[in-house]
Amino acid sequence: MYDDSAVKFETDVETRFGVSRRDFLKFCAAMAATMGLPKGADAQIAEAITKKERPSVIWLHHQECTGCSESLLRSEHPTLEKLILDIISLDYHETLFAAAGHQAEAARKAAMEKNKGKYILVVEGAIPMKDGGVYCKIGGQTSYELTKEVAEHAAAIVAVGSCASWGGMPSTPPNPTGSTGVGEALGRKDVVTIPGCPPNPYNILATIVHFLTFGSLPKVDELGRPTFAYGRLIHDNCERRSHFDAGRFALEFGDAGHRKGYCLYKLGCKGPETYANCPSILFNDVGTGSWPVGTGHPCIGCTEKHIGFEKPIHALATLKTNPPTSYPRIVEEQGAGATIASAALVAGVAGLAIGAGMKIAGNLGKSETKDGE
Ligand code: SF4
């Protein structure tokens with residue numbers, strides 16, 4: 001059992017965060033687990049959160065629907081929003097601010113001045129670059145001008161959501177406003193991106209907590225995405241994966257296979273080419289199944305540029321990995337009369353370069369039929 005008495009706090013977490021010590025430590029353990037940190041990191045996180053000054057966060061909005069902020073703040077978890085607002089000092093957020101107009105702008109400038117070189121810039125929404133950026137202006141400045149100004153003295157820049165990461169929905173062809181992400185707009189490669197529509201709030205918070213605890217942003221991939229969250233394919237952690245490997249597919253929404261929870265690959269699920277931790281971290285803290293595939297909708301690949309908002313929903317995903325050939329049979333017999341092993345053997349004998357797994361997926365999938373057929 002975890003011995004929380006070893007963790008010393010300089011502040012009373014119950015008073016400061018409004019949660020019990022036990023719940024606070026559970027939150028820190030969840031953050032450590034989300035980032036895949038080794039044993040003991042939860043204690044480091046707990047101490048950093050309670051000892052260190054809350055980092056100032058300036059949160060800008062551009063072309064977006066505010067779904068990323070909603071996702072962060074509408075979490076069902078009773079303590080998450082409380083912890084978010086107590087771990088960071090949210091000094092500027094256009095949606096949450098009570099202030100408006102000149103007051104809000106003055107607060108932003110004051111926070112920038114007071115925390116020069118130390119604040120975190122979070123950007124939500126795409127930045128339109130066409131026609132001098134006139135398609136989105138805040139306080140008389142274009143999105144580009146405002147972001148450039150705030151980014152200049154930021155300690156770190158985090159692009160939250162697909163729009164801020166690479167342009168997302170506003171940048172879908174023909175991209176009439178020339179929308180793009182923060183990194184491209186500013187010509188910077190050090191922007192951490194947390195794509196998703198919306199991104200999981202724990203990934204946002206874990207990135208900020210990492211900065212607070214270790215003084216640096218987490219390790220990222222070539223697209224600037226934290227590897228703790230975007231290091232594995234959705235397909236590899238999906239609860240329906242065994243159905244994919246066994247060739248059991250839903251062929252229509254509402255058919256027998258769909259109702260039985262079979263794999264959604266043939267309905268256009270983009271899980272096989274999309275990197276994200278959705279199946280393991282889930283959404284809304286309501287327990288199992290609270291993610292698109294869990295509720296019966298194919299993954300649309302929202303964390304991937306050129307997939308999420310460009311590849312048609314019905315288009316089949318490109319398989320990056322083949323299913324293993326040795327998965328055990330798990331439910332009923334397949335109608336085509338082929339076993340996983342025999343299909344693999346046939347594929348191998350035929351010398352198909354695409355691999356046995358894909359042949360299995362192609363052949364056995366046909367064995368699952370619609371209702372009554
Ligand atoms: S194709 Fe989609 S539903 Fe099927 S196993 Fe992969 S991620 Fe899950």
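Modeller: Start with a definition. A cavity is a set of points where a 1.4 Å probe fits but cannot get out. This is a predicted model. Its largest cavity has a volume of about 100 Å³.

Biologist: Which residues lie closest to the centre of the largest cavity?

Modeller: They are His235, Cys238, Cys263, Leu264 and Cys269, out of 13 lining residues. Helix H12 (234–237) and helix H13 (241–246) each supply at least two residues of that lining. Sorted by class, the lining has nine nonpolar, two polar and two charged residues.

Biologist: How many cavities of 30 Å³ or more does a search of the whole structure find?

Modeller: Four. The second largest cavity holds about 60 Å³ of space. Its lining also has 13 residues, and Pro195, Pro199, Asn200, Cys278 and Thr303 are the closest to its centre. That lining divides into eight nonpolar, five polar and no charged residues.

Biologist: Which domains does the lining of the second largest cavity draw on?

Modeller: Domain 1 (52–229) and domain 2 (234–365), with at least three residues from each.

Biologist: Now pockets. What makes a pocket unlike a cavity?

Modeller: A pocket is an open set of points, while a probe in a cavity cannot get out. Here the largest pocket has a volume of about 450 Å³. It is lined by 19 residues, and those closest to its centre are Ser165, Gly183, Glu184, Thr193 and Leu223. Helix H8 (161–166) and helix H9 (182–186) are the elements that give two or more residues to this lining.

Biologist: How does the lining of the largest pocket divide by class?

Modeller: Five residues are nonpolar, seven polar and seven charged. Now take the second largest pocket, with about 290 Å³ of space. Its lining has eleven nonpolar, six polar and no charged residues. Of its 17 lining residues, Cys197, Cys278, Phe283, Pro292 and Cys302 lie nearest the centre.

Biologist: Next, the nonpolar core. How do I read one?

Modeller: Look for buried nonpolar residues joined through side-chain atoms within 4.5 Å. The largest core in this model has 52 residues. Phe24, Met31, Ile45, Ile49 and Trp291 have the most contacts inside it. Helix H10 (residues 201–214) gives the largest share, eight residues.

Biologist: Why does this core lie between domain 1 and domain 2?

Modeller: Because domain 1 (52–229) and domain 2 (234–365) both give residues to it.

Biologist: What does Trp291 touch beyond its neighbours within four places in sequence?

Modeller: Trp291 is in contact with Ile234, Cys238, Glu239, Cys278, Pro279, Leu282 and Phe283. There is also a second, separate core of 23 residues, which includes Ile58, Cys136, Ile138 and Val182.

Biologist: Is Asp86 buried or exposed?

Modeller: Use the cut-off: buried means under 20% relative accessible area. Asp86 has 15%, so it is buried. Asp86 is found in helix H5 (residues 80–87). Setting aside neighbours within four places in sequence, Asp86 is in contact with Arg16, Phe17 and Arg54. Asp86 and Arg54 are 32 residues apart along the chain, yet their C-alpha atoms are separated by 7.5 Å.

Biologist: Where is Thr66 found?

Modeller: In the loop between strand S1 (56–61) and helix H4 (67–73). Thr66 has a relative accessible area of 18%, so it too is buried. Leaving out neighbours within four places, Thr66 is in contact with His61, Thr95 and Glu124.

Biologist: Let's step back. How many helices and strands are there in the protein?

Modeller: There are 17 helices and nine strands. Of the 373 residues, 53% count as buried. Last, read the contacts with a separation of 6 or more: residues 24 or more positions apart account for 73% of them.

Methods. Residues numbered from 1 in each chain as written. Predicted model: local features only at pLDDT ≥ 70, side-chain atom pairs only at ≥ 80, totals over all residues. Heavy atoms only, no water. 1 Å grid on protein atoms, 1.4 Å probe; cavity = no way out; pocket = protein on both sides within 12 Å on 5 of 7 lines; lining within 4 Å. Points joined across faces, edges and corners; volume = space filled by probe spheres on them. Helix = DSSP H or I, 4+ residues; strand = E, 2+ residues; numbered from the N terminus. Nonpolar A, V, L, I, M, F, W, Y, C, P; charged D, E, K, R; others polar. Domains from an automatic or database assignment. Buried < 20%, exposed > 50% of the residue type's maximum accessible area, 1.4 Å probe, protein only. Contact = heavy atoms within 4.5 Å.
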